[in-house]
Protein chains: 2
Amino acid sequence: MATRTYDPQEFPPFAVTVDMVVLTMSRGRLHVLLVRRGVAPFKGMWAIPGGFKRPRESLLEAAQRELLEETGVDGADLLRQLGAYGDPDRDPRMNVVTVAYFAVLRDVQGIAGGTDAAAAALVPVSEALGEDFEPLAFDHGRILRDAIERIRADLILTGIATAFVGRTFTLAELRAVYEEAWGVRIDGANFRRSVLADEGWVIPTGRRAPSGSAGGKPAELYRAGRKWRHGTPIRPGRPNGTRRRESR
Amino acid sequence: MATRTYDPQEFPPFAVTVDMVVLTMSRGRLHVLLVRRGVAPFKGMWAIPGGFKRPRESLLEAAQRELLEETGVDGADLLRQLGAYGDPDRDPRMNVVTVAYFAVLRDVQGIAGGTDAAAAALVPVSEALGEDFEPLAFDHGRILRDAIERIRADLILTGIATAFVGRTFTLAELRAVYEEAWGVRIDGANFRRSVLADEGWVIPTGRRAPSGSAGGKPAELYRAGRKWRHGTPIRPGRPNGTRRRESR
DNA sequence: CAGGTTCTTGTGGAAATGACCATATCAATG
DNA sequence: CATTGATATGGTCATTTCCACAAGAACCTG
């Protein structure tokens with residue numbers, strides 16, 4: 001039929017939830033916020049936070065509300081929709097369609113503080129997706145995998161890299177975001193040239209970051225410019241065969 | 001709460017639908033399949049095809065079924081999820097969350113034939129999104145806009161360009177896909193070198209396409225190689241404007 | 001101060017990009 | 001049938017970008 005038959009009563013109802021992949025960069029590694037489920041189904045297993053959508057709120061508002069409840073962070077601009085998941089048996093009790101969002105945060109302390117410490121944890125993504133890690137509840141493993149793929153794409157298409165770092169940051173911190181997410185090594189000198197070539201990407205603050213424990217010249221602190229709203233000056237290296245030694 | 005309260009009975013039910021943005025390239029322009037709604041709400045208005053999700057099928061299966069019903073095309077591999085839309089008032093009758101998919105087809109004739117011709121039409125995207133065109137039903141205008149944005153991104157990240165052309169195609173046809181979707185002009189000679197530089201992108205068939213009505217040297221026909229599954233050799237040009245004629 | 005670490009600047013070759021020219025091969029026209 | 005117009009194909013060339021590495025500068029620790 002070219003037109004949908006419209007009789008809502010004929011069609012069994014679904015429950016609609018929103019789930020969130022909360023990502024952050026901690027000690028140079030990508031982490032995801034996981035919570036222990038306290039109720040059935042999948043009680044006791046790790047899951048990504050989420051909850052039911054209410055009738056009078058939009059999907060984004062639902063995600064925003066859950067983000068606030070789970071992490072204490074109020075930021076709708078940080079949330080981006082990842083996709084919908086609706087396999088018939090993804091929830092053993094009833095038919096639940098969930099809409100997944102992901103958010104990139106930087107305030108690591110605030111995340112752990114907003115919720116019960118025993119029931120929430122920041123887990124390195126490589127571990128959470130590793131073979132040794134316990135499977136996540138529902139299809140949250142797949143959702144997490146999709147989120148990582150999405151992040152990799154958004155790093156190419158958008159300026160989401162700046163969401164991982166603080167209001168002021170060093171170029172090394174920003175570079176580490178790309179290196180960790182893409183699993184590549186980027187030459188510091190070339191990276192520096194790329195973001196400083198044009199105005200509007202990073203703005204020097206005049207201040208300097210404290211040197212790390214290993215010493216070294218203190219790096220200059222920058223603010224993110226407006227150009228990140230429309231893209232990124234960093235492009236993924238060519239998958240060429242001219243790779244150098246792995247140096248590790 | 002760190003854990004979701006799990007009592008489905010508390011939460012009002014939602015209807016879940018799938019809607020599809022069916023795109024095709026016809027006479028060098030990007031077209032979208034629209035249908036006339038025959039029932040309320042939004043009766044008589046243009047809309048993108050779609051229908052209710054059934055309890056025992058996945059979202060992708062629902063979209064696949066609808067695609068088959070609407071266009072006669074059976075291709076789950078052509079469908080990609082676009083996103084979920086769940087604003088409270090997007091459907092005046094009840095709370096409906098829709099999951100949008102988009103599909104890129106090439107068989108234009110089959111689309112018009114599969115359904116009532118009077119109730120379905122291929123409309124140029126630029127017209128459907130233009131000011132003069134009548135508004136689409138529901139929030140389908142926004143969904144269509146999002147789909148076009150997504151196509152532009154997928155042209156960068158994936159090899160979706162080959163989905164617009166036939167099993168065999170000329171390089172000019174493939175080039176036209178990028179030119180139309182990005183709104184740019186690409187030099188034919190340079191485009192040719194990009195896709196022929198490495199093996200695996202396009203494979204010559206030895207045959208030649210008939211010249212167009214305007215004459216011209218007949219172009220060689222190619223098949224798509226396997227590399228398109230992992231990306232594209234074509235990159236969006238930079239905002240031009242550097243140097244004009246000078247030298248000499 | 002010596003040695004180590006990190007940031008920063010400099011440099012040269014390789015590769016990609018973009019524009020243009022020249023030629024080949026067809027259809028349509030008169 | 002020769003001309004014209006259009007398109008495909010092959011080639012050249014200057015510029016820009018990319019990338020690896022070298023060297024200097026600034027800071028820490030011991």
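Visitor: How much area do chain B and chain A bury between them, and how many residues are in contact?

Guide: The size of an interface is often given as the accessible area lost when the parts come together. In this predicted model, chain B and chain A bury about 4600 Å² between them, with 60% of that area on carbon and sulfur atoms. In terms of residues, 56 of chain B are in contact with 55 of chain A.

Visitor: How many salt bridges does the rule find across the interface of chain B and chain A?

Guide: The rule finds 2 salt bridges across the interface. One of them joins Arg56(A) to Asp89(B), whose closest N and O atoms are 3.5 Å apart, and this pair can be counted because the cut-off for a nitrogen and a carboxyl oxygen is 4 Å. For polar contacts between chain B and chain A, the count is 7 residue pairs, with both residues at pLDDT 80 or more.

Visitor: What order do the strands of the open sheet in chain B have, and which are the edge strands?

Guide: Strands of a sheet pair through backbone hydrogen bonds, either parallel or antiparallel. In chain B, the open sheet of 3 strands has the order S8-S10-S9, and the pairing is antiparallel. Strand S8 (168–169) and strand S9 (202–208) of chain B are the edge strands, each pairing on one side only. Between S8(B) and strand S10 (residues 220–224) of chain B there are 2 bridges, and Phe169(B) stands opposite Tyr222(B) in S10(B).

Visitor: What order does the open sheet of chain A have?

Guide: In chain A, too, an open sheet of 3 antiparallel strands is ordered S8-S10-S9. Here Phe169(A) stands opposite Tyr222(A) in S10(A).

Visitor: How many aromatic pairs are found over all chains, and why is the pair of Phe42(A) and Phe138(A) tilted?

Guide: The search of the whole structure finds 8 aromatic pairs over all chains. The ring centres of Phe42(A) and Phe138(A) are 4.7 Å apart and their planes stand at 55°, so the pair is tilted. This pair links distant parts of the chain, 96 residues apart: Phe42(A) is in the loop between strand S2 (29–36) and strand S3 (46–47) of chain A, while Phe138(A) is in the loop between helix H3 (125–128) and helix H4 (140–157) of chain A.

Note on methods:
Residues are numbered from 1 along each chain as its sequence is written. Chains are lettered from A and ligands numbered from 1 in the order in which they are written. This is a predicted model: local features need pLDDT of at least 70, side-chain atom pairs count only at pLDDT 80 or more; totals for chains, interfaces and linings use all residues. Side-chain values use heavy atoms; hydrogens and water are left out. Contact means heavy atoms within 4.5 Å. Buried area is the accessible area (1.4 Å probe) that two parts lose on being put together, summed over both. A salt bridge is a side-chain nitrogen of Lys or Arg within 4 Å of a carboxyl oxygen of Asp or Glu. A polar contact is a pair of N or O atoms within 3.5 Å; within protein, one must be able to donate a hydrogen and the other to accept it, and residues adjacent in sequence count only if both atoms are side-chain atoms. Two strands pair if DSSP finds at least two bridges between them. Helices (H or I, at least four residues) and strands (E, at least two) are DSSP runs, numbered from the N terminus. Rings of Phe, Tyr and Trp (its six-membered ring) pair if their centres lie within 6.5 Å; planes under 30 degrees apart count as stacked, over 60 as edge-to-face and the rest as tilted.
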